[in-house]
Amino acid sequence: MFFNKFVRTAFLFRVANSWSFNEMACSGKQCSELTRNISYLSQDNAVALDQDLFNEYKFSVDQLMELAGLSVATAINKAFPTSSYNTALIICGPGNNGGDGLVAARHMTLFGYSVSIYYPKRTPKPLYENLLWQCENFGVKIVETLPPPNELKNQYKILVDALFGFSFKPPVRDALKPALEALTESELPVCSVDIPSGWDVEKGPASNNSLKPALLISLTAPKLCSKPEFIKNARHFLGGRFVPPELTTMFEARLLKSSILKKVLEAIKDLLTQATFDCDDNGIQLQAMDNSHVALVSLSLRADGFDKYRCDRNISMGMNLGSMSKILKCAGDKDTVTIKAQDNADTVTFVFESPNQEKVSDYEMKLMNLDLEHLGIPETEYSCTIRLPSAEFARMCRDLSQFGESIVISCTKEGVKFSASGDIGSANIKLAQTASIDKEDEAVIIEMDEPVTLTFACQYLNYFTKATSLSPQVQLSMSADVPLVVEYRIPDIGHIRYYLAPKIEEDDN
Ligand SMILES: NC(=O)C1=CN([C@@H]2O[C@H](COP(=O)(O)OP(=O)(O)OC[C@H]3O[C@@H](n4cnc5c(N)ncnc54)[C@H](O)[C@@H]3O)[C@@H](O)[C@H]2O)[C@@H](O)CC1
Ligand SMILES: [K+]
């Protein structure tokens, strides 16, 4: 299905959730700001989207056309109000673009315009015939012969270009040339429906003589020719609410158990007050220095570890972890959690569902603009790696921190020793490699190329052990003069790693 592959982008969110039109861009400075991150459809994609709307989403042509025509009339009324532009000529072509023009004619009449239609090549289908019939009954004048282009401005204040839409293939055939000439040569402001007629749907205007619309109303989604470099000073609106809101989400990650996310947050929130979650096809990454710039936290959650994961475009979401933690506290441990975001949005949504779906709650959190500070972590071969039960490590760090501010970790052939000393005395805990590994989770495994002894701040090790509930084992990797890595592998989904620089031996004098 084309939709699912392609069209979950920002602007569709706007289409689905806004009124029947949205001003996306206008002349001057605002233009580039507002259109900067918009995605544009190629001609093939526009046709495929059209088919999806009919076939997958069961819209009827008249339904879409009615909304399209209403949004065209509404945008025109906004850009060219009846107070100054009370007479309009709508030039309708043989296809659906022309049909949009016929619908717009009816609505514009109701808005107070005096509307005429030029409809030279009528397609004998009940849809168009009925629309034309309705126009006549609404008092819309039907023009059979076009006056020369230079005389149009004596009779009309604006022209509406409903001649060709996204199915146009240049060059224009002779029968419709006069209609196009009227649009390009009249010197009246032209309001183009979906595509400025005569333009290449993807490459824009063919030459300097091509139509220069004053207003463009893109329908459903802007096509490539509506990029700012082509439409220059035209005002640009997006019309039509055709897209189911569900499809407008561009990022969605779902975990059957919210407890994993809660635990992840518990494991980082004392070290970081805010952090950026970088999401792409592969999953979610977070990398940040702690508040005092001593330790580095690196979190990786793989896409395949989620029960559902979709990320149509890379996004970075800056989050306040205190706020996120408050929100996650509202989820029951057995609740399913879904994180959702729209492209370009300034909020992220957390949805919690109870196991039997009887309770569904959603929480929207404001995102933050954080400076991205990506630190390359070099691949390092470590002299020692020690794997031990995470609960054991937590307990040792807690116990030893009663003796002093630092813990010395010393890894030799005999085993690994954790020690601390201070005013009340000293403490040493020695662990030897487990002789036989019956239960992997309880094993102590030491791999050593060279003995290493390093000193670390207790406070940070204790922060790291907040991740204990994420994994039964923890791995410590050490080499002389490089940061210690404390790694917790989160089963089936990823890992959290903490990096901490060793303390330099203090000179007693
Ligand atoms: N899918 C959507 O999202 C919607 C599409 N709508 C409208 O539908 C339009 C597309 O409609 P259609 O596919 O019917 O196509 P068009 O309205 O773009 O025009 C096709 C007609 O123009 C003729 N034509 C093509 N190239 C020509 C040339 N070089 N010289 C002379 N005649 C030429 C074709 O023979 C055909 O009769 C859109 O641009 C939009 O305005 C709206 O009605 C509703 C929503
Ligand atoms: K058009």
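Asn 97 belongs to helix α6 (residues 96-111) and Val 193 to strand β6 (residues 190-193), so the pair ties together parts that are 96 residues apart in sequence. Helices (H or I, at least four residues) and strands (E, at least two) are DSSP runs, numbered from the N terminus. Asn 97 is buried, at 7% relative accessible area. Val 193 is buried too, at 0%. Here buried means under 20% relative accessible area, exposed over 50%, and partly exposed in between (1.4 Å probe, protein chains only).

Residues are numbered from 1 along each chain as its sequence is written, while chains are lettered from A and ligands numbered from 1 in the order in which they are written. As the model is predicted, local features need pLDDT of at least 70, side-chain atom pairs count only at pLDDT 80 or more, and totals for chains, interfaces and linings use all residues; side-chain values use heavy atoms, with hydrogens and water left out.

An unreviewed UniProt entry places the feature "binding site" at Asn 97, Asp 161 and Ser 197. The set spans 101 residues of sequence but clusters in space, with a largest C-alpha distance of 9.8 Å. From this set, Asn 97 is part of the lining of the largest pocket. A pocket is an open set of points on a 1 Å grid over the protein atoms alone, where a 1.4 Å probe fits, with protein on both sides within 12 Å along at least five of seven lines; lining residues have an atom within 4 Å of a point. The UniProt positions are given in the numbering used here, feature names are shortened, and annotations may be inferred rather than shown by experiment.

Asp 161 sits in strand β5 (residues 158-162). It is buried, with a relative accessible area of 0%. Residues up to four places away in sequence aside, Asp 161 touches several residues, including Asn 97, Val 193, Ile 195 and Ser 197. Contact means heavy atoms within 4.5 Å. Ser 197 is located in the loop between β6 and β7 (215-219). Ser 197 is buried at 2%. Its contacts, on the same exclusion of residues up to four places away, include Asp 161, Phe 164 and Leu 211. The side chain of Ser 197 also reaches the backbone nitrogen of Phe 164 at 2.9 Å. A polar contact is a pair of N or O atoms within 3.5 Å; within protein, one must be able to donate a hydrogen and the other to accept it, and residues adjacent in sequence count only if both atoms are side-chain atoms.

Ser 471 occupies the loop between α14 (458-464) and β24 (473-478). It is buried, at 6%. Its side chain reaches the backbone oxygen of Gln 473 at 2.9 Å. The backbone oxygen of Arg 489 also lies 2.9 Å from a polar atom of that side chain. Beyond neighbours within four places in sequence, Ser 471 is in contact with Ser 390, Tyr 488 and Arg 489.

Thr 273 lies in the loop between α11 (258-268) and β10 (274-280). Thr 273 is partly exposed, at 45%. Thr 273 and Gly 322 are 49 residues apart in sequence, yet 6.4 Å apart in space, C-alpha to C-alpha.

A search of the whole structure finds 0 disulfides. A disulfide is a pair of cysteine sulfur atoms within 2.5 Å. The sulfur of Cys 311 is 5.7 Å from the closest cysteine sulfur, in Cys 279, too far for a bond. Cys 311 is buried, at 7%.

Most residues other than glycine have a negative phi, and most peptide bonds are trans. The peptide bond from Pro 170 to Pro 171 is cis, with omega near 0°. Pro 171 is in the loop between β5 and α9 (177-185). Thr 220, not a glycine, has a positive phi of about 70°. Thr 220 is buried, at 7%. Asp 481 likewise has a positive phi, near 65°. Asp 481 counts as exposed, at 72% relative accessibility.
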